[in-house]
Number of protein chains: 2
Amino acid sequence: VKLYSHPLAPNPRRARIFLAEKDIGVPVVQLDIFKGENREPAYLAKNPLGGVPFLELDDGTIIAESVAICRFFEEMQPEPNLMGHTPLERAQIEMWQRRMELQILANTGGCFRHTNAIFAGRFPQVPEYGRMCRENALRMLEWLDAELASRPFVAGARYTIADITALVGIDLGRSSEIAIGPAQKNLARWYELVASRPSAKA
Amino acid sequence: VKLYSHPLAPNPRRARIFLAEKDIGVPVVQLDIFKGENREPAYLAKNPLGGVPFLELDDGTIIAESVAICRFFEEMQPEPNLMGHTPLERAQIEMWQRRMELQILANTGGCFRHTNAIFAGRFPQVPEYGRMCRENALRMLEWLDAELASRPFVAGARYTIADITALVGIDLGRSSEIAIGPAQKNLARWYELVASRPSAKA
């Protein structure tokens, strides 16, 4: 098994944190996406959409998409559990995972892609859209702060994949001046709790 | 149990098709999102983000996000199976579900939201971003056509949640002049197969 990754990109980081939380060691192959290594024919043959992360099993089977990779390892090794035990818990964690992805990560990611100079000339940018994403992200941090008044973690009493997506999404916002506000005490408390786990460095 | 929905919006349709495929009858409450009914206090108390669909269980528990609702019913009633049996199959279906969501539905949805007159004044639009989504969607239909040369359904030999997301995403493209091209025979064959199932009218 090999995980194709990039050290700074948010989606590979989600998969690496997930694996670290489960204490599953998988060899990581870092592809230089800024040099377009993921678009070389040998890698496009494995993942035609050209993104990272993707997982290659020993028989050559490919699993792309970070959450699908997480799902695979969750099913193979359910504990420590990150995606739920019962039908209701699984659905609720998936709801929070998706909210973190759609409301936080998609907005900090949209802002980064459409406003950061690193993408100029590589990717068509619509800066006005990036600024809209920034406004959405800031509003959603405000909402998340209020949600976290009632519980320690995003999906409830324990750490789950929803916290991983939120952490990665919020960290991606740093380069776009999207940050936890000084009055957002619940969010700051949650961030300290989650970012200080050893997995956050994976 | 009640499913809060809208007859035309793509995400509630995903949940309704999923339930129809499993032959699970759930009372549907249609909210008039164009009149802002989903943003009335009684509904915001149930789903603070104001979207549809969301599911209300008999004890008042809410599950929002269409795929989380699908997950709940899949776990409660695994057959007919739409999200996979083994860890590998579950991961691969999730990969295809997410690809259909990110590459097709997010692009036809982005085009619709940012270019359709129905949203003017309700939602800040960035038409240039909408046009980029349209180009992305057309490119991804080309890619999906090539993928479907080797198998009957999006994720393999059988109908899954990935087909539901692809159908809903492609149908949403109609109002933005995003359509299956005359040369895309595999995609046309797949569309006929999937759109003619009784569930497509749910």
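In this predicted model, the contact (heavy atoms within 4.5 Å) draws 39 residues from chain A and 39 residues from chain B. Local features need pLDDT of at least 70 and side-chain atom pairs count only at pLDDT 80 or more, while totals for chains, interfaces and linings use all residues. Residues are numbered from 1 along each chain as its sequence is written, chains are lettered from A in the order in which they are written, and side-chain values use heavy atoms, leaving out hydrogens and water.

About 3,400 Å² is buried between chain A and chain B, with carbon and sulfur atoms giving 65%; this is the accessible area (1.4 Å probe) lost on putting the two parts together, summed over both. On the chain A side, the greatest losses to chain B fall on Leu49(A), Glu65(A) and Arg98(A), together 18% of what that side buries.

Turning to charged pairs, six salt bridges (side-chain nitrogen of Lys or Arg within 4 Å of a carboxyl oxygen of Asp or Glu) are counted between chain A and chain B. One of them joins the side chains of Arg90(A) and Glu75(B), at 2.9 Å from N to O.

What is the largest nonpolar core built around? Its 126 residues include Trp190(A) and Trp190(B), which have the most contacts inside it. Such a core is a set of buried (under 20% relative accessible area, 1.4 Å probe, protein chains only) Ala, Val, Leu, Ile, Met, Phe, Trp, Tyr and Cys residues joined through side-chain atoms within 4.5 Å. Beyond neighbours within four places in sequence, the contacts of Trp190(B) include Leu148(B), Pro152(B), Phe153(B) and Ile170(B).

Methods: Buried < 20%, exposed > 50% of the residue type's maximum accessible area, 1.4 Å probe, protein only.
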